[in-house]
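Trainee: Could you take me on a close look at the part of this model around the ligand? I would enjoy one connected walk through it, with the neighbouring elements included.

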Amino acid sequence: TASTRLANRHLLVTAGGTREPLDPVRYIGNRSSGKMGVAIVKAALAAGAKVTLIAGSVQVALPIHPRLTVQRVTTTAEMLAAAQAAFPTVDAVVMAAAVADFRPATISDQKIKKQAGQEAFTVQLVKNPDILATLGAKKTTQVIMGFAAETNDLLAHAKEKLAKKHADYIVANDVSQAGSGFGVATDQVTILTPDQAPQAWPLLTKQEVGHRLVALLAARLAK
Ligand code: PMT
């Protein structure tokens, strides 16, 4: 039944945005609210799974549940470390977090001051590790589901991410579409797998998307 589909399975879910500090009071972040990731966590708990949630910056309340462990992180490096630590013990990973691709090259230990007459300020960014690709390269039996947030050429970019990150699923959302992506309660996603044609789902609540994604994982893990 729906409530036991993932009994004795352990899921790792990431949610929310990472933040990369510039100085003690400033950071580079993104608009992820954590709604999608938390919806997946709730669906997985309802399906009987044990869940480890790695939460970046989230704007929603996190569930409290005996089968849920929550780890709060700020930066991409922290999210990577937490994900790598949990990875060997999980059956599936869902990376719904919006992860910063770049971070400031240096973090000032004092608040950066504007100089008299200064009209511009340049920040140098350096590449962050890719968490999904790092886990994808190390997978043994884990099923790996990533997301792709795109504003153009959705399917082409999502297909590239599927291959490059060794994911079993990519959940592609066109974040330029009203009612989809960052912050809102609904999402229109297309599911990509290595061996099937892309499947476009209708516009659904993120909670319904969460239930359907968990059903996909449950079916896959039952094979
Ligand atoms: O949080 P909400 O407000 O509910 O919004 C949901 C969402 C739009 C954030 C979510 O649906 C979503 O698309 N999450 C992924 C956002 C993202 O970072 O997309 P991307 O296309 O840049 O990354 C592709 C995949 O690689 C993602 O699974 C991402 O978690 C992962 N990634 C990206 C960069 C990086 N350095 N490490 C990663 O692991």
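**Around the ligand**

Mentor: Happy to. Strand β9 gives the largest share of the shell around the ligand, with 4 residues. Please keep in mind that this is a predicted model. The ligand is surrounded by 27 residues, and the closest are S33, K35, I131, L132 and G146. Three elements, α1 (35-46), α3 (131-138) and β9 (143-150), each supply at least two residues of that shell. Sorted by class, the shell holds 13 nonpolar, 9 polar and 5 charged residues.

Let us go to α3 next. Two of the residues closest to the ligand, I131 and L132, are also buried residues of this helix, along with L135 and G136. Looking down the axis of α3, you find these buried residues within an arc of 130°, so they line one face of the helix. A137 and K138 lie on the other side of α3 and are exposed. As for the partners of the buried residues, they pack against α2 (76-86), β6 (92-95) and β9.

Now step back to the loop between β8 (125-127) and α3, where P129 sits. P129 has 15 C-beta neighbours inside 10 Å and so counts as partly exposed. Setting aside neighbours within four places in sequence, P129 is in contact with T76, L80 and T134. D130 is found in that loop between β8 and α3 too.

The unreviewed UniProt entry places the feature "binding site" at D101, K111, P129, D130, I131, L132, F147, K161 and K165. Those positions are spread over 65 residues of sequence and are spread in space as well, up to 37.0 Å between C-alpha atoms. I131 and L132 are in the UniProt list and are among the residues closest to the ligand.

One of the annotated positions, K161, takes us to helix α4 (residues 154-164), where L154, A158, K161 and L162 are buried. They cover an arc of only 105° around the axis, and therefore lie on the same side of α4. The face turned away from that buried side carries the exposed residues A156, A163 and K164. The buried residues of α4 pack against β9, β10 (169-174) and β12 (189-193).

H166, in the loop between α4 and β10, has a positive phi of about 55° although it is not a glycine. With 17 other C-beta atoms within 10 Å, H166 is partly exposed. N8 is another non-glycine residue with a positive phi, here about 65°. N8 belongs to the segment before β1 (10-15), and it is exposed, with 10 other C-beta atoms within 10 Å.

A97 counts as buried because it has 29 C-beta neighbours inside 10 Å. Apart from neighbours within four places in sequence, its contacts are T14, A15, G16, G17, T18, S32, G37, G56 and M79. A97 and S57 are 40 residues apart in sequence, and their C-alpha atoms are 9.3 Å apart in space.

Finally, here is the setting for all of this. The secondary structure of the chain comes to 5 helices and 14 strands. Its radius of gyration is 18 Å, close to the 17 Å that the globule rule gives for 223 residues, so the chain is as compact as a globular protein of that length. The C-alpha trace spans about 65 × 40 × 30 Å along its principal axes. Of the 223 residues, 41% count as buried. Among contacts between residues at least 6 apart in sequence, 63% join residues at least 24 apart.

Conventions: Residues numbered from 1 in each chain as written. Predicted model: local features only at pLDDT ≥ 70, side-chain atom pairs only at ≥ 80, totals over all residues. Near = placed C-beta within 6 Å. Nonpolar A, V, L, I, M, F, W, Y, C, P; charged D, E, K, R; others polar. Buried ≥ 20, exposed ≤ 12 C-beta atoms within 10 Å, placed from the backbone. Arc of directions from axis to C-beta. Contact = placed C-beta atoms within 7 Å. UniProt positions renumbered as here; feature names shortened; annotations may be inferred. Rg over C-alpha atoms; globule rule 2.2 N^0.38 Å.
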